[in-house]
Amino acid sequence: MKRVLVSQRVDMVTDYNEVRDSLDQNWVPFLWETGAVTFPVPNFSKALPEILNAISPQGILLTGGYSSDEYHGISVERDKIDNFLLDYAVNHKIPLIGVCRGMQSILLYFGGNLKKVDAHVRVKHKINGNINRFVKSFHNYAANTVPPCLDVFARTDDGVVEGVKHSSLPIMGIMWHPEREEEIVNDDVKIFNKLWGINK
């Protein structure tokens, strides 16, 4: 099993006057199937260097949950966490996967930008390219420009970029949500396994 740090979404819970870090419980069994032991990361950037030193992650997952602050998100601290983890992955050549907002963070980190898209929230649609199947998407923003260092490996029928991979680093982004399927999809597990370097 590999130690994998997992970022968390930020939720505003007005009934309790709380700001919470949240992780869909479906992530843990999915990541377990990929050979990963999950370590959720709090949205508190000051603690992150100590967390990284203590855990020495062998993989990183940037999860979904709103867009970056630049694109009408709700947490600058979450942006800091994603960028810090991307810095760590780049500098230590640690495998990193970004899902939905996580892929948006990858695009922005390497110099791309986003655009508003319609009909990609709570939608199961077909992707084409290196992967040809139906996936679940929940996003209002998608790639507008893709940085030269990222190769596109999947698009929807309407041309929206759904998957990118770095040309030389073990960094990948997908816009669909494998954790939101009714049952774990083996093809998604294989994508994660391949990046983690796990043969299962």
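These legends walk you through close-up views of one predicted model. Residues are numbered from 1 along each chain as its sequence is written, and side-chain values use heavy atoms, with hydrogens and water left out. Because the model is predicted, local features need pLDDT of at least 70 and side-chain atom pairs count only at pLDDT 80 or more, while totals for chains, interfaces and linings use all residues.

View 1. Strands (E, at least two residues) and helices (H or I, at least four) are DSSP runs numbered from the N terminus, and two strands pair if DSSP finds at least two bridges between them.

View 2. Contact means heavy atoms within 4.5 Å.

**View 3. Val99 in strand β6.** Is Val99 buried or exposed? Val99 counts as buried because its relative accessibility is 0%; buried means under 20% relative accessible area, exposed over 50%, and partly exposed in between (1.4 Å probe, protein chains only). Leaving out residues up to four places away in sequence, Val99 touches residues including Leu61, Ile174, Trp176 and Phe192.

**View 4. Lys136 in strand β9.** Lys136 counts as buried because its relative accessibility is 16%. Its side chain and that of Glu182 are joined by a polar contact of 2.8 Å. Such a contact is a pair of N or O atoms within 3.5 Å; within protein, one must be able to donate a hydrogen and the other to accept it, and residues adjacent in sequence count only if both atoms are side-chain atoms.

**View 5. Helix α3 and its ends.** Helix α3 (residues 76-92) has 17 residues. Its buried residues include Ile81, Leu85 and Tyr88. At the N-terminal end, Ser75 caps the helix, with a side-chain oxygen 3.5 Å from the backbone nitrogen of Glu77. Just after α3, Lys93 takes a positive phi of about 55°.

Technical notes. Expected span 1.5 Å × (residues − 1).
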